[in-house]
Amino acid sequence: MKFFRSHVLVSVDPKSLERGAHEVIDALNDELYSQGLIDEVQVLETSRIGDPLRYGPDMMVYPEGVHYTNLSIDDVPFLVQEHFLKGRIVEKFLEKEEKVQDEELGTPTPKELRIVLRNCGKIDPNNIEDYISEEGYLALGKILADYTPEEVVQVILDSGLRGRGGAGFPTGKKWQFARVSQTKTKYVICNADEGDPGAFMNRRILESDPHSVVEGMIIAGYAIGASMGYIYCRAEYPLAVKTMNIAIQQARELGLLGKNILGSSFSFDLEVRMGAGAFVCGEETALMASIEGSRGEPRPRPPFPAVKGLWGQPSNINNVETYATVPIIVLKGAKWYASIGTEKSKGTKTFALAGDVVNTGLIEVPFGTTLREIVYDVGGGIKDGKQLKAVQTGGPMGGCIPTEYIDTPVDYETLSELGSIMGSGGIIIMDEDTCMVDIARFFMEFTQDESCGKCVPCRIGTRRILEILTRICDGNGRDGDIETLEFLSQQIKADSLCGLGQGAPNPVETTLKYFRDEYVAHIYDKKCPAKVCKGLITFSILDGPCTGCTVCARNCPVNAISGERRQTHAIDPDICIRCGICAQVCNFNAISIN
Amino acid sequence: MEKDKIEQAVQSAVDRYDANRAELIPILNDINRSLGYLPREALAEVGQRLKTPPSKVMSVATFYRMLSVEKMGRHVIQFCESAPCHVVGGKAVWDSLRETLEIEAGETTPDGKWTLTTVSCLGICGVGPVMVIDDEVFGSLTPDQIPGILSKFN
């Protein structure tokens, strides 16, 4: 066998070939030959190294492990002389380190543990080989070779994995129910539509690690005995739909989807279905109606989907994050997964931090991490040095948690004890300038709008609540409004058909529970303590600080401000529309809001 | 709208999904994209080709936000109405849009240029407030940017 002191691996993927990789290889061999190095340096072909569109043709030189990029035949003589003859690394061909800042997913902080998001931003989502190189589809191979479907269900049961869509139902139990149904046709469905507004972890997983979802779904199909699966994706996520379709196509080409997967007797295929913009379609029965091509209206349960789901057949529905967690549980074992988290909530959860926090974006922490750690250690604290007022979790059906509970360890149980929910993992941080009545009104506006209208408590109840809240924010709150809100909330919760209605009163109930004094101030004192509700605030100009510079008067859109130059100005409250522009433009903090 | 154009749009959408009734939503989505909205004639045509009652087609067409049975403006503005955008100043931007265009949500300007709608979370909350005009996304909006952005469209 011949020994070489150095090996050169040149990328010959299609894009690099287009850009002249073969010509570079020929030139290399020619030059090595003429320099008398041909017996010392071996030139080999390899698949892609870096992103060929950015770097191709490129090559790796060993033993140094140097990555030379964007090569042309003209560069070769110089490169050979410098590197192989003189032994100097040629700086100008080195890979340019481009600092790409990931706006959504920063470097993990010490409190974080990335399991579901482990591949996001690290692999090329449109290249199945990238996923495979990160132990992708190894779990699938493992179960097809060594596990019975019952054993797969047992692994998921033992891991303690719970549905990441919000309700936290044990995933293994769900699979078991679907497994025992004795019918020939069953379906596996991925709910990629339930993201609460602001909870974009599912979009991120679909777009940056699509194969983890595909693999998780195939494993679920094997476990419950299904041969067909659907990914129902929101229409608001066009890129996710595209990425998933590419992933499915690539998996098919490698025989990871389709007939006799990996040579086994198990066959399974996947299809993507796109929604058309309806929040309620995240509810599982509404989602199935939408896949069937109907209005996405929920129906009463039972029968549960595991018994009677899509097209009347037993179906297993999990969300994106749940499926994406399955492969790694199979690979690393149920015991490993169950060792992370709290007693009843195992593993990690992704959260989308938004609002008045320094670091917004996606995070992943073990269950049991406290809200304080999430807000301050991971989120970097409150913006502009302000005070934290409340943490809102669970999306529009969630609740607002006040600062006195900031040391609560987060899991499914603790959040529901506080009147909120886990939801898909949206966390909105609110600072001292937030009016809690206005926030309750805002969420109610959303649910009222998204109510599908099928059942009366939700359709009419949410509207009545919204009317009352709007009245209160406008300064027309009446005695008895708080009691009516409480009564309505109870009724809607108890009598609605699906999770949307049952959860709709949560923002109202939690703000009434923890911030009742703000409701009282709005209704009885006609004041908005956070100075947000326009019907309850007045703008005036302070005599001392005002220099009479006329900036406010010139910027007022309705000409409500009058006054001579260098004289204290005045605002006419009857004309003022409380837009707040004067306060923004004033350089002397002379505008007072009461 | 001309009959030919409608028929053509329906034909290509129905063919694309092999006249599969379960694909009614993607079919309507396709037609909505190519025609800008779903005219009555198109709905009737879809019903016939899929052998589905017109009531069913209508019920689906009116349920989903991204399907419209009303004629839309030349440009459609979708403003994100979700909480993460709201808490970072979305309301002021929304007010600026309404005031600049002098229309409310769901309305079209009299000259047929703009339709103003809201959309639920687009999942790009890191750059809120966010809006989409046709297929173009605008993030980190402030109220004073609105007139400038709108003036780029004709």
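**Terms and their grounds**

Author: In this predicted model, helix 7 (residues 149-159) of chain A packs with helix 13 (residues 320-332) of chain A at an angle of about 100°, and their axes are 10 Å apart.

Reader: Why are helix 7 of chain A and helix 13 of chain A called roughly perpendicular to each other?

Author: Angles of 65 to 115 degrees count as roughly perpendicular; the angle between these two helices is about 100°, and helix 7 and helix 13 of chain A are therefore described as roughly perpendicular to each other. Helix 7 of chain A contributes A:Val155, A:Ile156 and A:Ser159 to the contact, while helix 13 of chain A contributes A:Val326, A:Ile329 and A:Val330.

Reader: How do the residues of the contact of helix 7 of chain A with helix 13 of chain A divide into nonpolar, polar and charged?

Author: Five residues of that contact are nonpolar and one is polar, with no charged residue.

Reader: What makes A:Thr348 buried rather than exposed?

Author: A residue is called buried if 20 or more other C-beta atoms lie within 10 Å of its own, and A:Thr348 has 25 other C-beta atoms within 10 Å, so A:Thr348 is buried. A:Thr348 has its place in strand 9 (residues 348-355) of chain A.

Reader: Which residues is A:Thr348 in contact with, leaving aside its neighbours within four places in sequence?

Author: The contacts of A:Thr348 are with A:Leu113, A:Ile115, A:Val116, A:Ile340, A:Glu364, A:Val365, A:Pro366 and A:Phe367, once neighbours within four places in sequence are left aside. For one of these residues, A:Val365, the C-alpha atom is separated from that of A:Thr348 by 5.3 Å, although the two residues are 17 residues apart along the chain.

Reader: How many residues does the contact take from chain B and from chain A?

Author: Chain B gives 28 residues to the contact and chain A gives 32. On the side of chain B that touches chain A, the elements that give two or more residues are helix 2 (24-35), helix 4 (54-61) and helix 5 (83-101) of chain B. By class, that side of chain B has 17 nonpolar, seven polar and four charged residues.

Reader: Into what domains is chain B divided, and how far apart do their C-alpha centres lie?

Author: Chain B is divided into domain 1 (3-61) and domain 2 (75-150), and the C-alpha centres of these two domains of chain B lie 29 Å apart.

Definitions and conventions. Residues numbered from 1 in each chain as written. Chains lettered and ligands numbered in written order. Predicted model: local features only at pLDDT ≥ 70, side-chain atom pairs only at ≥ 80, totals over all residues. Contact = placed C-beta atoms within 7 Å. Helix = DSSP H or I, 4+ residues; strand = E, 2+ residues; numbered from the N terminus. Nonpolar A, V, L, I, M, F, W, Y, C, P; charged D, E, K, R; others polar. Axes fitted to C-alpha atoms, helices over the stretch in contact; angles between N-to-C directions. Parallel < 35°, antiparallel > 145°, perpendicular 65-115°, else oblique. Domains from an automatic or database assignment. Buried ≥ 20, exposed ≤ 12 C-beta atoms within 10 Å, placed from the backbone.
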